[in-house]
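Please read the following points alongside the sequence and the model.

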Amino acid sequence: FDLIGSLIVMINLNLKLTLLCLCMIPIYFFISKKSSEQISESTMKVHETSAIFNGEIFEILNGIEDLKLLNIKNHYIKQISENLENVVKSVLKQSLNFIYFVQNIILASDLVTVLVLLLSGVLILENEITIGLYTSFSIYTTKILSITQSLGSLDIMIKPVCVTIERVKEFFSLDSENESNSKQLNSEIQSISFRDMYFRYKEDNEYVIESFNEDFIAGDKILLRGINGSGK
């Protein structure tokens, strides 16, 4: 309503200046929208990396005793460092995008102001408008640009909220851990066989379990022996 009302007043003040503004508004809107999209993407990245980092810290604090027993603190320290680095990078990128957004808006606003001033100067020299009319028109021009920027920047507010809603819906639509990847067995398990089984942590070069072959029969008593963190 502010946009329509301002345009009506501007048309009544001077049609030529209004047409000039109408030609510039799409460009101003495009610049605002593109810049705001970059900010919204970087903001979502900040939320995502921060959530991963906070979740990792929460998990480690809850299982601190297990980490000591399993002697895998170095693995988690490295993982925390990587997640923290991702958070810092995403925050820096968000800050840079915000700076670009502000500078782009200032540049586009100054361009519109200069063009309006140029045409107004010509019209004033030709006695088509007065300085007072130009002053009034400038006030409404600023209002129009402000409204256009708000419309172009809706992504900054709406997109992160939409992503949050999608994540919540995704969480509630997950299958139960007791049901996912499960198979119905028609008979009792009589034996379990391992053939050429290997295992290692992704950041380690050495295998914790290498070329493991064994048959376990129902009723067997098995002892797994090894030091803490050996992969039992």
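1. Helix H6 (residues 154–172) gives the largest share of the nonpolar patch, three residues; helices (H or I, at least four residues) and strands (E, at least two) are DSSP runs numbered from the N terminus. The patch, of about 450 Å², is made by Phe29, Leu151, Leu154, Met157 and Ile158. Patch residues have over 30% relative accessible area and no salt bridge, with nonpolar side chains joined within 5 Å. Leu151 is found in helix H5 (residues 131–152).

2. This is a predicted model, in which local features need pLDDT of at least 70 and side-chain atom pairs count only at pLDDT 80 or more, while totals for chains, interfaces and linings use all residues. Residues are numbered from 1 along each chain as its sequence is written, and side-chain values use heavy atoms, without hydrogens and water.

3. The whole structure holds three salt bridges (a side-chain nitrogen of Lys or Arg within 4 Å of a carboxyl oxygen of Asp or Glu). In one of them, Glu128 pairs with Lys16, the closest N and O atoms being 3.4 Å apart. This pair links distant parts of the chain, 112 residues apart: Glu128 is in the loop between helix H4 (73–125) and H5, and Lys16 is in helix H2 (residues 15–62).

4. Lys89 and Glu85 also meet in a salt bridge (3.4 Å, N to O). They are four residues apart in helix H4, so about one helical turn separates them.

5. Arg195 forms a salt bridge with Asp215, with the closest N and O atoms 2.8 Å apart. Because Arg195 lies in strand S1 (residues 191–199) and Asp215 in strand S2 (residues 209–217), the pair ties together parts that are 20 residues apart in sequence.

Key:
Patch = residues over 30% accessible without salt bridge, like charges linked within 9 Å, V, L, I, M, F, W, Y side chains within 5 Å. Areas by Shrake-Rupley, 256 points an atom, 1.4 Å probe, with all protein chains shown as cover.
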